[in-house]
Amino acid sequence: MAEYDIHLDEKFGSLTLIDIGAEAASHEPWFNQTLTQVNDAVIRLGVLEGQFHWHKHDREDEFFLVLDGELVIEIEGGDTVRLGKLQGYTVPRGVVHKTSAPVRTTIVMVEPAGVVPTGDDS
């Protein structure tokens, strides 16, 4: 598996201004940081470019929102979805998928707090 810079610690708590643009600008791909927790979900920032590996999450859905760039989501045995700026997509639990970004891309992910970003099969 490739090297990913993944941080599961909550960087910003409640009642804290989060400058997502500045945070994204200060990191190189593949970077993933939990920004904050909202109830039982976490909001994560991803800075991507290139390929991630095929994986799935057995118990959690995963939502992607592109802030800048382009995110390609390949679904095993299904369609490939291309997301542009300000477009979102939910991958249901148990669905094997692979993400890639042909250019530097900034995304926000919303998922349950216990999710393993690299998938259950890694």
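Q: What radius of gyration does the chain have, and which value would a compact globule have?
A: The radius of gyration is taken over C-alpha atoms, and the globule rule is 2.2 Å times the number of residues to the power 0.38. In this predicted model, the rule applied to 122 residues gives a radius near 14 Å for a compact globule.

Q: Which pattern of helix and strands does the chain follow along the sequence?
A: The chain is built from one helix and eight strands, and its C-alpha atoms fill a box of roughly 40 × 30 × 25 Å along the principal axes. Read along the sequence, these elements follow the pattern β-α-β-β-β-β-β-β-β.

Q: Is Gly88 buried, partly exposed or exposed?
A: Gly88 has its place in strand β7, which covers residues 88-91, and, leaving aside neighbours within four places in sequence, Gly88 is in contact with Phe63, Phe64, Leu65 and Leu83. Buried means under 20% relative accessible area and exposed means over 50%. Because its relative accessibility is 39%, Gly88 counts as partly exposed.

Q: Which residue forms a salt bridge with Asp61?
A: Side chains of opposite charge can pair when their charged atoms come close. For Asp61, the closest N and O atoms of the salt bridge are 3.2 Å apart. The pair links distant parts of the chain, 32 residues apart, with Asp61 in the loop between β3 and β4 and its partner in the loop between β7 and β8.

Q: Is Lys56 buried or exposed?
A: Lys56 forms a salt bridge with Asp58, with the closest N and O atoms 2.3 Å apart, and Asp58 is partly exposed at a relative accessible area of 37%. For Lys56 the relative accessible area is 17%, so this residue is buried.

Q: How many salt bridges does the structure hold?
A: The chain has 9 positive and 21 negative side chains, and the centres of the two sets lie 2 Å apart. Among the salt bridges are those of Lys56 with Asp58 and Asp61 with Arg93. The number of salt bridges that the structure holds is seven.

Key. Residues are numbered from 1 along each chain as its sequence is written. This is a predicted model: local features need pLDDT of at least 70, side-chain atom pairs count only at pLDDT 80 or more; totals for chains, interfaces and linings use all residues. Side-chain values use heavy atoms; hydrogens and water are left out. Helices (H or I, at least four residues) and strands (E, at least two) are DSSP runs, numbered from the N terminus. Lys and Arg count as positive and Asp and Glu as negative; His and the chain ends are not counted. The place of a charge is taken as NZ of Lys, CZ of Arg, CG of Asp or CD of Glu. Buried means under 20% relative accessible area, exposed over 50%, partly exposed in between (1.4 Å probe, protein chains only). Contact means heavy atoms within 4.5 Å. A salt bridge is a side-chain nitrogen of Lys or Arg within 4 Å of a carboxyl oxygen of Asp or Glu.
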